[in-house]
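I opened this entry to look up how the chains meet. My notes follow in the order I checked things.

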Amino acid sequence: MLDKQGIAKRIAKEIKDGYYVNLGIGIPTLVANYIPETMDVVLQSENGLLGMGPFPFEGEEDADVINAGKQTITMLPGSAIFDSAMSFGMIRARKVNLTILGAMEVSENGDIANWKIPGKMVKGMGGAMDLVASAENIIVAMQHVNKAGESKLLPQCSLPLTGVHCVKKIVTELGVFDVLPQGGFKLLERAPGVSVEEIIKATAGKLIVEGEIPEILI
Amino acid sequence: MNKVVSGADEAIRDIADGMTLMLGGFGLCGLPEKCIAALVKKGVKELTCISNNAGVDDFGIGLMLKQRQVKKMISSYVGENAEFERQLLSGELEVELIPQGTLATLCMAAGYGMPAIFTPAGVGTEVAIGKEIRNFSGKDYLMEMAFDADFAIVKAWKGDTMGNLVYRSTARNFNPVMAMAGKITIAEVEELVQPGELDPDHIHTPGIYVHRIFQGENYEKRIEQRTVRIREQG
């Protein structure tokens with residue numbers, strides 16, 4: 001089974017040299033720690049920055065330099081600043097190559113729910129609806145089951161949707177899955193020590209298992 | 001062409017009960033904190049506020065919420081504010097949640113003189129309910145109507161007496177698009193300079209969009225999430 005760092009490490013392998021990448025809050029943020037230094041990858045923060053760097057050293061925090069999670073960060077050489085409309089303009093125009101975000105539920109046709117739980121205080125969708133509606137390549141990083149032990153990979157989402165037919169790939173603590181255009185979660189890799197049977201048991205949506213499933217290498 | 005006013009109190013003097021205001025900033029970053037303080041002091045009520053966030057309990061728009069000055073918030077994300085949550089759950093406060101990119105682009109549309117935009121954000125979700133959907137090249141888009149705000153209040157780093165503005169780092173965020181979108185736009189700046197001191201090539205908001213400008217003193221510029229790296233001990 002993978003821990004959060006393991007999920008982030010595996011997702012980092014999806015990033016290619018020259019990519020512009022938007023990382024959501026939570027596990028996706030951790031992905032930045034595993035991008036090989038030999039690669040030229042530019043991180044986009046949707047509050048208006050390309051070239052996001054690591055947290056500042058203590059004493060060097062700048063209130064004017066934050067990421068979309070409102071955390072103090074740094075800007076790498078070659079960074080660019082822009083306003084919020086341009087930021088979502090480049091997202092809508094598919095200039096950002098890869099979007100990695102968390103989810104509460106994903107359906108077998110690629111719908112995603114990650115912003116609202118009925119009966120609970122709604123905080124808002126932020127930029128998530130814009131990102132999922134426009135991004136060319138969306139990878140979801142999440143736990144395979146919720147706190148009640150119920151599968152988060154479903155035939156249909158039960159929570160209010162953030163976007164439809166948009167998720168391309170999912171990485172959970174149990175495995176890696178493609179979301180097929182015709183519907184269904186195709187098991188690509190399983191986490192170390194996890195059997196195919198365990199994955200079948202934890203997946204409520206249509207799961208496609210073909211041939212020998214290799215273990216995730218991280 | 002002198003747009004300079006004495007301070008926040010004069011800048012907001014004619015903001016009245018029931019008006020619609022745009023307030024720049026992302027979280028607490030690039031927030032027009034001097035004008036917000038003046039609005040709290042003035043005590044105007046029944047306001048509709050268009051702003052990406054609603055501040056925190058004791059800073060930003062949270063201060064106006066505490067005084068019950070806000071009737072409706074139009075935002076993309078409103079977490080981090082207990083008083084906001086209380087008023088929302090008790091029905092005292094109305095909230096319209098809009099995807100962040102849509103929010104920004106509706107400000108931009110107003111500033112560009114366009115009545116509406118088409119965006120894919122929210123298609124197939126509850127955001128699309130009651131909205132016109134158009135299909136372009138096989139993909140569905142929602143028609144969203146541009147904002148109409150009585151005042152836009154923004155914060156810039158530097159500005160000149162003609163209203164030209166320059167922002168700093170990610171404190172830029174919603175400020176330039178909101179500056180373009182108000183019937184009357186108020187800019188508060190950290191440093192007010194004379195015409196000619198800002199390089200025309202470096203202006204982010206041309207002064208034509210700005211009606212009133214003043215230099216604020218002693219900006220608090222509060223940090224919402226202070227995150228740091230530990231320096232390795234040598």
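Predicted model: local features only at pLDDT ≥ 70, side-chain atom pairs only at ≥ 80, totals over all residues.

Between chain A and chain B I count 26 residue pairs in polar contact, both residues at pLDDT 80 or more.

Next I asked which elements of chain A give two or more residues to the side that touches chain B. They are strand 4 (74-81), helix 3 (84-92) and helix 4 (128-134) of chain A. I then sorted the residues on that side of chain A by type. They divide into 23 nonpolar, 13 polar and 13 charged.

**Salt bridges across the interface**

I looked up the charged pairs next. The count between chain A and chain B is six salt bridges. One of them joins the side chains of A:Lys116 and B:Glu126, with N to O at 2.6 Å.

**Contacts and area**

How many residues of each chain are in contact with the other? I find 49 residues of chain A against 51 residues of chain B. I wanted an area as well, since the size of an interface is often given as the accessible area lost when the parts come together. Here the area buried between chain A and chain B is about 4300 Å². Carbon and sulfur atoms give 59% of that area. On the chain A side, I checked which residues lose the most area to chain B: they are A:Asp64, A:Lys70 and A:Met121. Together these three account for 18% of what that side buries.

**Salt bridges over all chains**

I widened the search to the whole structure, which holds 26 salt bridges over all chains. I picked out a pair within chain A. A:Glu215 forms a salt bridge with A:Arg190, and the closest N and O atoms are 3.8 Å apart. That distance passes the 4 Å cut-off. A:Arg190 sits in strand 12 (residues 185-190) of chain A, and A:Glu215 lies in the segment after strand 13 (207-208), so this pair ties together parts that are 25 residues apart in sequence.

**Aromatic pairs**

I counted ring pairs next and got two aromatic pairs over all chains. Why is the pair B:Phe118 and B:Phe136 edge-to-face? The ring centres are 5.2 Å apart and the planes are at 70 degrees, so B:Phe118 and B:Phe136 are classed that way; the angle cut-off is over 60. The pair links distant parts of the chain, 18 residues apart. B:Phe118 is in strand 5 (residues 116-119) of chain B, and B:Phe136 is in strand 6 (residues 133-136) of chain B.

**Confidence**

I checked the scores last. Chain B averages a pLDDT of 96, and 99% of the residues score at least 70. For the complex, the predictor gives an ipTM of 0.96 and a pTM of 0.96.

Definitions and conventions: Residues numbered from 1 in each chain as written. Chains lettered and ligands numbered in written order. Heavy atoms only, no water. Contact = heavy atoms within 4.5 Å. Buried area = accessible area lost by both parts, 1.4 Å probe. Polar contact = N/O pair within 3.5 Å; in protein donor to acceptor, adjacent residues only side chain to side chain. Helix = DSSP H or I, 4+ residues; strand = E, 2+ residues; numbered from the N terminus. Nonpolar A, V, L, I, M, F, W, Y, C, P; charged D, E, K, R; others polar. pLDDT = per-residue confidence, 0-100. Phe/Tyr/Trp six-rings, centres within 6.5 Å; stacked < 30°, edge-to-face > 60°.
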